[in-house]
Amino acid sequence: MIDKQHLINRFLSYVVIDTTSDPENSAFPSTEKQWVLAKMLEKELIKIGMQEVELDENCYLMATLPSNISENVPIIGFISHIDTSPDFSGTNVNPQIIENYQGNDIIINEAENIILSPNYFEDLQEYIGQTIITTDGTTLLGADDKAGITEIVTAMEYLMQHPEIKHGKIRICFTPDEEVGKGAHLFDVEKFGADWAYTMDGSQIGELEYENFNAASAVVTIKGKMVHPGYAKGKMINSLLLATDFINALPTLEIPGKTEGYEGFFHLHDVTGSVEETKLEFIIRDHDFDQFEERKYLLQKIAFDMNEQFQNTVVLVDIKNQYFNMKKMITPVMHIVDIAEEVMIDLGIQPIIKPIRGGTDGSQLSFKGLPCPNIFAGGHNFHGRYEYVPVESMIKATEVIIGIAQKVAEKYG
Ligand SMILES: [Zn+2]
C-alpha cells in the first residue's frame, strides 16, 4: 500500500535539516532556520499537486487537498510542527537505519559507547522484525515532529494517486515553534477553515489524546524584616523561614514525583531568597477544572492565614493561567475522537487513549475554535539522543490519516 522506501527517504530528507527552536528569542519564528524546511515543504507540496499552498509571513505553511466528491462533508485538518526541541542538539542529525530489528541492544555510537537497549527502553520489544530509525547518539532525531509531517505529506500524495478513495476537502498546516509553546499563537484558524483537525504529534502507535492539564504559574513573594541578629527578638522576620512554612502547608504528596494519570500537583521549581525577601515559583497542574481552581485557592488561603497571623501583608501570591484542558472543547464534539478510534480499530491498531500530563498546541487551537485531538506520530524518547521511530508505525499513522479522510466522507456523504 504505502511505499516504505519512499516514506523513509522523505523522512530522512526532513530530519537532516536543523530546525531547533529557541525559547530565549521573542522573534517569530524563534529561529530563522525553521524557514529552510518550511520553504522546502512548500515546494514539495506544490510538486505533489496540493492546492492553495501558502507559506505566510509567520512561517505557517497551509495547503489544501480538494474534495473528490459532490456532497458537502466537514472539512478536516491535519497539523504537525517543523521545529525540534531546544532541549537537545538538532544539528547534523545522522540517522541510523536498523532493518529487521531482532530485539537486541542497538549500538548507536560505537566511539562513545552509546547504546539503545531494550533492557532500559522496553518498548523496543514491540518492534521486533520492523525497521527502526535512530540517531547516532550525538543529536535528537526529530521524529517529533518530522514523523508527523512525513505522514501527512505521504497521506496527501497517496490520496491524490488513488482517486478511488473518496474524501472531502482536507486542509493541512505545518507550524513553527511548537516546542517553545508558541505553535498555536499566530495560527490563523479562520484561514485554515477546517471544522476540526488532528495534530499528528503523539508518541507510540495507538496514542489518541484529547485531555491535557489545566495549567497555571504562581509566584509567591514573602517579605521579611532584617534586624541585627543579636538584637532581633520580637523584631526580625526571616522570609526564608516563612517560605519553609509556606511550602510545608502544601500537600506533600501532590508533587510531580508522586503523581500520575489524572493526579494533579504543585511543582516548586525555583527559590530565590534572603532574610528580607524570598520568592517561590510554582507551576500548578490538574486535569479537573474545579480541583485546578481549588489548588489556586489553596495558595491564596495559605497566604491569607500567614498574613492574619502577622496582622500584616507578608505574603503575596501572583497566579497566571497558562493553558486549559481541551476536554472541555472536545466533549461536545466527541465524534471527532470516535472517528479516529474507529479508524485505528479498522486498521488493527489498539487505541491508547490517555490524558496528556502536559499541554499541546491542539489544546490552544481547541480554545481558538478548532477542536484538535492528538494522534500518534510513532516516535519514542523525544527530545534526546535515544529518540527513535519504527517505520511501520509511521506507515500506520499515514494509513490513519487516509482512513479518517475516507470515514468522514462515508459518514457525512
Ligand atoms: Zn511534538
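# Close-up views

**View A. Helices H3 and H10 are oblique to each other.** Oblique is what remains once angles under 35 degrees (roughly parallel), over 145 (roughly antiparallel) and 65 to 115 (roughly perpendicular) are set aside. The structure is a predicted model, in which local features need pLDDT of at least 70 and side-chain atom pairs pLDDT 80 or more, while totals for chains, interfaces and linings use all residues. Residues are numbered from 1 along each chain as its sequence is written. The axes of H3 (residues 143-161) and H10 (residues 391-412) come within 8 Å and cross at roughly 50°. Helices (H or I, at least four residues) and strands (E, at least two) are DSSP runs numbered from the N terminus; axes are lines fitted to C-alpha atoms, for helices over the stretch in contact, with angles from 0 to 180 degrees between N-to-C directions. H3 contributes Ala 147, Thr 150, Glu 151, Ile 152, Thr 154, Ala 155, Tyr 158 and Leu 159 to the contact, and H10 contributes Met 394, Ala 397, Thr 398, Ile 401, Ile 402 and Ala 405. A contact requires C-beta atoms, placed from the backbone, within 7 Å. By class, the residues of this contact are 10 nonpolar, 3 polar and 1 charged. Here Ala, Val, Leu, Ile, Met, Phe, Trp, Tyr, Cys and Pro are nonpolar, Asp, Glu, Lys and Arg charged, and the others, Gly among them, polar.

**View B. Helix H8 (residues 335-346) packs against H10 at an angle of about 120°.** Their axes are 9 Å apart, and H8 and H10 are oblique to each other. On the H8 side, Ile 339, Ala 340, Glu 342, Val 343, Met 344 and Asp 346 take part. They meet Val 400, Gly 403, Ile 404, Lys 407 and Val 408 of H10. The contact of H8 with H10 holds 7 nonpolar, 1 polar and 3 charged residues.

**View C. An open antiparallel sheet is built from 4 strands in the order S12-S13-S11-S14.** Strand S12 (265-273) and strand S14 (315-323) each have a single partner strand, so one side of each is left without a neighbour in the sheet. Neighbouring strands are turned by 15° against each other on average, direction ignored. Strands count as paired when DSSP finds at least two bridges between them. S11 (residues 214-223) and S13 (residues 277-286) pair over 10 bridges in the antiparallel sense, and Val 220 has Leu 280 of S13 as its bridge partner.

**View D. Helices H5 and H6 touch S11, S12, S13 and S14.** H5 (residues 239-248) lies across these strands and runs at about 15° to S13. H6 (residues 289-310) packs on the sheet, and its direction makes about 165° with that of S14.

**View E. The chain is divided into domain 1 and domain 2.** Domain 1 covers 4-211 + 326-412, and domain 2 covers 214-322. The C-alpha centres of domain 1 and domain 2 lie 39 Å apart. The bounds come from an automatic or database domain assignment.

**View F. Cis peptide bonds join Phe 28 to Pro 29 and Asp 144 to Asp 145.** For the bond from Phe 28 to Pro 29, omega is near -5°. Pro 29 sits in the loop between helix H1 (4-15) and helix H2 (34-48). For the bond from Asp 144 to Asp 145, omega is near 15°, and Asp 145 belongs to helix H3.

**View G. Glu 52 has a positive phi although it is not a glycine.** The phi of Glu 52 is about 50°. Glu 52 is part of strand S1 (residues 51-55).

Notes. Two residues are in contact if their C-beta atoms, placed from the backbone, lie within 7 Å.
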